[in-house]
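This briefing concerns a single protein model, shown below with its sequence. Please keep both in view while reading the points that follow.

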Amino acid sequence: MPKRIMEGVVVSNKMDKTAVVRVERTFLHPLFKKTVRQSKKYHAHDEKNAAKVGQQVEIQECAPRSKLKRWEIVSFKGGAA
């Protein structure tokens, strides 16, 4: 089974080798047919502490690294603020 890959924005990088990434998704409300934006935060492993706040990153599923970390940063998309 392939690993899921998601794109998001780094919200925090204060932890060692960990970045918090906010992933936003949009969907149509079933009753009101209006576009709804929903976001969720994921703790992602960042081996080199390279992630900067505001940077666009791609995260991928991985084996559990700690209590909260089940994702790892695969690539960096955009520049940091």
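The points below cover the basis of the model, its fold, its core, its salt bridges and some individual residues.

The structure is a predicted model, in which local features need pLDDT of at least 70 and side-chain atom pairs count only at pLDDT 80 or more, while totals for chains, interfaces and linings use all residues. Residues are numbered from 1 along each chain as its sequence is written, and side-chain values use heavy atoms, with hydrogens and water left out.

**Overall fold and surface**

- The protein contains zero helices and five strands, and its elements run β-β-β-β-β from the N terminus on.
- Helices (H or I, at least four residues) and strands (E, at least two) are DSSP runs, numbered from the N terminus.
- The C-alpha trace spans about 45 × 35 × 20 Å along its principal axes.
- Of the 81 residues, 27% are buried; buried means under 20% relative accessible area, exposed over 50%, and partly exposed in between (1.4 Å probe, protein chains only).
- Among contacts (heavy atoms within 4.5 Å) between residues at least 6 apart in sequence, 49% join residues at least 24 apart.

**Nonpolar core**

- The largest nonpolar core has eleven residues: Val10, Ala19, Val21, Val23, Tyr42, Ala44, Ala51, Val57, Ile59, Trp71 and Ile73.
- Two or more residues of this core come from each of strand 2 (18–28), strand 3 (35–45), strand 4 (56–61) and strand 5 (71–76), and strand 2 gives the most, with three residues.
- A nonpolar core is a set of buried Ala, Val, Leu, Ile, Met, Phe, Trp, Tyr and Cys residues joined through side-chain atoms within 4.5 Å.
- In soluble globular proteins, nonpolar side chains tend to be buried together.
- Once neighbours within four places in sequence are set aside, Tyr42 is in contact with Met6, Ala19, Val20, Val21, Val23, Ile59 and Trp71.

**Charges and salt bridges**

- The mean positions of the 18 positive and 8 negative charges lie 7 Å apart.
- In this count Lys and Arg are positive and Asp and Glu negative, with His and the chain ends not counted; the place of a charge is taken as NZ of Lys, CZ of Arg, CG of Asp or CD of Glu.
- The structure holds five salt bridges, a salt bridge being a side-chain nitrogen of Lys or Arg within 4 Å of a carboxyl oxygen of Asp or Glu.
- One of them joins the side chains of Arg4 and Glu61 at 2.9 Å, N to O. This pair links distant parts of the chain, with Arg4 in the segment before strand 1 (5–12) and Glu61 in strand 4, 57 residues apart.
- Arg4 is partly exposed at 48% relative accessibility, and Glu61 is partly exposed at 25%.
- The side chains of Arg37 and Glu24 form a salt bridge at 3.7 Å, N to O. Arg37 lies in strand 3 and Glu24 in strand 2, so this pair ties together parts that are 13 residues apart in sequence.
- Arg37 is exposed, with a relative accessible area of 62%, whereas Glu24 is partly exposed at 43%.
- In the salt bridge between Lys77 and Glu58, the closest N and O atoms are 3.3 Å apart. Lys77 is in the segment after strand 5 and Glu58 is in strand 4, 19 residues apart.
- Lys77 is partly exposed at 47% relative accessibility, while Glu58 is buried at 18%.

**Individual residues**

- Leu28 belongs to strand 2 and counts as exposed, at 52% relative accessibility.
- Leaving out residues up to four places away in sequence, Leu28 touches Lys33, Lys34 and Thr35.
- Leu28 and Lys67 are 39 residues apart in sequence and 33 Å apart in space, C-alpha to C-alpha.
- Lys17, in the loop between strand 1 and strand 2, has a positive phi of about 60° although it is not a glycine. Lys17 is partly exposed, with a relative accessible area of 32%.
- Asn49, in the loop between strand 3 and strand 4, has a positive phi near 50° and is likewise a residue other than glycine. Asn49 is partly exposed at 37% relative accessibility.
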